[in-house]
Amino acid sequence: MHGDFQKIDSGLLSDRIRDALTDAIASGTIAAGTALDEQNLADRYGASRTPVREALRQLAASGLVEIRPRRGVVVVRLTPQRIADMFETTAEIEAMCARLATYRMTPLERGELMELHEESAKAVEAGDVDAYDRFNRAFHEALYTATHNGFMAEQALAIRERLAAFRRTQLRHADRIRRSREEHGEILAAIAEGDGETAARRMRAHMLRAAAALGRYIAETE
């Protein structure tokens with residue numbers, strides 16, 4: 001595995017290590033309570049300790065690991081119920097963002113959202129989960145901005161960061177990226193019609209389907 005990581009630009013290396021670790025933690029491949037050693041991870045991914053340290057810092061910020069005295073970095077125990085609660089919460093916040101954005105976004109913001117959606121088709125056709133994940137993140141963050149409510153956008157982004165690992169991992173289940181993009185299209189159709197309530201309802205369903213996809217992915221990798 002680490003040969004692929006050695007070819008990567010050092011600026012992107014910590015992100016790639018973070019993504020590999022988040023997938024492993026979210027799927028349960030790396031179990032809760034596991035201590036993560038910087039040097040062992042550096043050897044595993046053929047990297048220096050600096051990008052590994054940065055990747056672990058990002059994992060700590062998202063709540064997937066915590067730094068404990070004398071034990072170092074340890075994977076946090078998140079129960080399925082806790083993850084479900086987090087998805088339910090973010091589904092409500094994202095629905096609220098979709099509703100407000102429908103009524104408040106500028107024509108330019110709507111155009112940028114449509115463009116992001118069109119560009120994401122290539123990633124879906126290529127089956128490139130990492131590329132689609134970047135488009136997916138940009139799509140949702142554009143909606144936060146389009147609410148023109150700075151505090152709401154901050155809260156939506158903060159909870160998104162807490163769920164980032166699980167939102168990435170659910171995209172690996174079966175044909176989820178294709179379905180996710182179709183759901184984005186349905187949300188955009190409601191926005192284009194100026195129907196904020198329908199946009200909110202479709203966004204809520206979109207997020208809850210993501211949670212269901214995550215549950216299936218974890219069950220299949222156990």
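Predicted model: local features only at pLDDT ≥ 70, side-chain atom pairs only at ≥ 80, totals over all residues.

Q: Why are α5 and α8 called oblique to each other?
A: Helix α5 (residues 80-104) and helix α8 (residues 150-170) pack at an angle of about 140°. Roughly antiparallel requires an angle over 145 degrees, and roughly perpendicular covers 65 to 115. The pair is therefore classed as oblique. The axes lie 10 Å apart, and α5 passes α8 in a left-handed crossing.

Q: What makes α3 roughly perpendicular to α4?
A: The axes of helix α3 (residues 38-45) and helix α4 (residues 49-61) cross at roughly 115°. The class of roughly perpendicular runs from 65 to 115 degrees. Hence α3 is described as roughly perpendicular to α4. The two axes come within 9 Å, and the crossing of α3 past α4 is right-handed.

Q: How do you know that α3 and α4 are in contact, and which residues meet?
A: Contact is assigned where heavy atoms lie within 4.5 Å. On that basis E38, Q39, L41 and A42 in α3 meet R49, V52, R53 and L56 in α4. By class, the contact comprises 4 nonpolar, 1 polar and 3 charged residues.

Q: Why is α7 called roughly parallel to α9?
A: Helix α7 (residues 129-146) and helix α9 (residues 176-192) have axes that cross at roughly 20°. Angles under 35 degrees count as roughly parallel. It follows that α7 is roughly parallel to α9. Their axes come within 11 Å, and α7 passes α9 in a left-handed crossing.

Q: What does the contact of α7 with α9 consist of?
A: V129, Y132, N136, F139, H140 and L143 in α7 meet I177, S180, R181, H184, L188 and I191 in α9. These residues divide into 7 nonpolar, 4 polar and 1 charged.

Q: How do you know that domain 1 and domain 2 touch, and how many residues does the contact take from each?
A: The domain assignment gives domain 1 (8-73) and domain 2 (78-219). Their C-alpha centres lie 26 Å apart. The contact takes 9 residues from domain 1 and 10 residues from domain 2.

Q: What area is buried between the domains, and which three residues of domain 1 supply more than any other three?
A: The buried area is about 870 Å², of which carbon and sulfur atoms give 53%. On the side of domain 1, D23, A26 and S62 supply 50% of the area buried against domain 2, more than any other three residues.

Definitions and conventions. Residues numbered from 1 in each chain as written. Heavy atoms only, no water. Axes fitted to C-alpha atoms, helices over the stretch in contact; angles between N-to-C directions. Helix = DSSP H or I, 4+ residues; strand = E, 2+ residues; numbered from the N terminus. Left-handed = near helix turned anticlockwise from the far one by under 90°. Domains from an automatic or database assignment. Buried area = accessible area lost by both parts, 1.4 Å probe. Nonpolar A, V, L, I, M, F, W, Y, C, P; charged D, E, K, R; others polar.
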